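Please look over the sequence and the model below.

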Amino acid sequence: LRRWLSDIDDIADMDMETIQSTSFYAFDQLRANEAIEYRKALKKELDQIGNNVSRMSSLPRTNK
């Protein structure tokens with residue numbers, strides 16, 4: 001689980017510097033800002049999960 005969280009966190013960080021530092025046209029700037037906010041929220045959620053991994057083991061699982 002920790003490995004998966006780390007991998008997802010790396011994906012959320014991908015190209016963040018470029019997105020934050022690039023000048024876009026207005027429409028694209030709006031989309032870039034939305035992407036930044038989404039990634040920040042994703043990283044926050046992943047941090048919360050990572051800080052309480054033991055909770056994940058108690059969640060129900062299905063075998064498909």
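**A helix pair and its contact**

Asp 9 is buried, with a relative accessible area of 18%; buried means under 20% relative accessible area, exposed over 50% and partly exposed in between, with a 1.4 Å probe and protein chains only. The place of this residue, Asp 9, is helix α1. Helices are DSSP runs of H or I with at least four residues, strands are runs of E with at least two, and both are numbered from the N terminus.

The model is a predicted one, in which local features need pLDDT of at least 70 and side-chain atom pairs count only at pLDDT 80 or more, while totals for chains, interfaces and linings use all residues. Residues are numbered from 1 along each chain as its sequence is written, and side-chain values use heavy atoms, with hydrogens and water left out.

The protein chain has 4 helices and 0 strands, in the order α-α-α-α from the N terminus on. Of its 64 residues, 19% are buried. Contact means heavy atoms within 4.5 Å; among contacts between residues at least 6 apart in sequence, 63% join residues at least 24 apart.

Helix α1 (residues 2-13) packs with helix α3 (residues 26-50) at an angle of about 165 degrees, and their axes lie 10 Å apart. The axes are lines fitted to C-alpha atoms, for helices over the stretch in contact, and angles run from 0 to 180 degrees between N-to-C directions. α1 and α3 are therefore roughly antiparallel to each other, the term for angles over 145 degrees; under 35 counts as roughly parallel, 65 to 115 as roughly perpendicular and the rest as oblique. On the side of α1, the contact is made by Arg 2, Leu 5, Ile 8, Asp 9, Ile 11, Ala 12 and Asp 13, and on the side of α3 by Arg 39, Leu 42, Lys 43, Leu 46, Ile 49 and Gly 50. By class, this contact has 7 nonpolar, 1 polar and 5 charged residues. Ala, Val, Leu, Ile, Met, Phe, Trp, Tyr, Cys and Pro count as nonpolar, Asp, Glu, Lys and Arg as charged, and the others, Gly among them, as polar.

Within this contact, Asp 9 touches Lys 43 and Leu 46, not counting residues up to four places away in sequence. The side chains of Asp 9 and Lys 43 are joined by a polar contact of 2.7 Å, that is, a pair of N or O atoms within 3.5 Å; within protein, one must be able to donate a hydrogen and the other to accept it, and residues adjacent in sequence count only if both atoms are side-chain atoms.

Gly 50, in helix α3, counts as buried at 18% relative accessibility. Apart from neighbours within four places in sequence, Gly 50 is in contact with Arg 2 and Leu 5.
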